[in-house]
Amino acid sequence: MNSPDRSACPRAPRFVSAGSADVHTATRLRKALAQWLRDQFMIDEVRVGDIVLTVYEALANATEFAYLDSPGAKAVRVEAEYSSSRNRLEVTVSDHGRWREIDPALRPNTRGRGIPLMAALASSAIIEKQTSGTVVRLRFNELTVRTADDDLTVRTADVAMSA
Amino acid sequence: MDVLQLDEQWVGQVAVIAASGALDILTAPQLRDAVAAALDRKPTGLIVDLLALEFLGSAGMQVLLDTRSQNPEIGFAVVADGAATSRPLKITGISEIVDVFPTLDAAVASIANITE
């Protein structure tokens, strides 16, 4: 798998995981994604926390709202794909349901913080309502992949805070 | 750790609920229940200590906001420090609505000042 010239043939880390849209899947995917981020990228815990929380909020919305009106098979899927040329991670959270619209004025105590949180923490957050379901596209810029021959010198140089 | 662990202790008339683990859509109702149980015993103040928390989602943040808005008569403070807790509380603006302190001592001191 090791390429002799990684600049010519960069690795493109990819994470795919799916499950039933429930609270346990949301927790499992959150943890799996956190571990994958630490394994694949030169990343500090602040950024890991930001990305994991953003993706979790998308999962939480899928879990709580996507299948309210549609009993039966409930699925949620997370795909994360890294673009080396753009140093960008794109995470897609998709379900096959429709998020229920909630008017915050009518339901003041209903949590409506997930979407603003996603928008604040991701470089961009787009929610696409498709006929087949809801897709959340989250982008995280300025991520650097961890290379196979990564050493302390590189690590120190590249782990700049991306606050 | 999938679960939320909650420990309640009292500092004088102030109830302190210390949370460890994850505060998310699965576990937020547990904190809501623990807060209600502590409030039933009529504390002068309530502190939710998140120092040992590893994950805080918006469902957990909502419990903190609701606790503040539903109990204006008592002192309420949150203890949080670090990427997993104080950072999302700041980003969401919750730390402007709920008093957040980096240490339990600071939170206790602030409530003592309020209730004196």
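In the predicted model, B:Leu50 contacts (heavy atoms within 4.5 Å) B:Ala19, B:Leu23, B:Leu56, B:Leu64, B:Val78, B:Val79, B:Ala80 and B:Thr85, leaving aside residues up to four places away in sequence. Together with A:Leu37 and A:Leu89, B:Leu50 touches the most other members of the largest nonpolar core, which has 71 residues. A nonpolar core is a set of buried Ala, Val, Leu, Ile, Met, Phe, Trp, Tyr and Cys residues joined through side-chain atoms within 4.5 Å; buried means under 20% relative accessible area, exposed over 50% and partly exposed in between (1.4 Å probe, protein chains only). Helix H2 (residues 45–65) of chain A contributes the most to this core, namely eleven residues.

In chain B, the axes of helix H1 (residues 28–40) and helix H2 (residues 58–70) come within 8 Å and cross at roughly 20 degrees. Axes are lines fitted to C-alpha atoms, for helices over the stretch in contact, with angles from 0 to 180 degrees between N-to-C directions. H1(B) and H2(B) are therefore roughly parallel (angles under 35 degrees). Helices (H or I, at least four residues) and strands (E, at least two) are DSSP runs numbered from the N terminus.

A:Asn87, in the loop between strands E3 (75–83) and E4 (88–95) of chain A, has a positive phi of about 50 degrees although it is not a glycine. A:Asn87 is partly exposed, at 35% relative accessible area.

Residues are numbered from 1 along each chain as its sequence is written, and chains are lettered from A in the order in which they are written. Local features of this predicted model need pLDDT of at least 70, and side-chain atom pairs count only at pLDDT 80 or more, whereas totals for chains, interfaces and linings use all residues; side-chain values use heavy atoms, without hydrogens and water.

Terms used: Angles under 35 degrees count as roughly parallel, over 145 as roughly antiparallel, 65 to 115 as roughly perpendicular and the rest as oblique.
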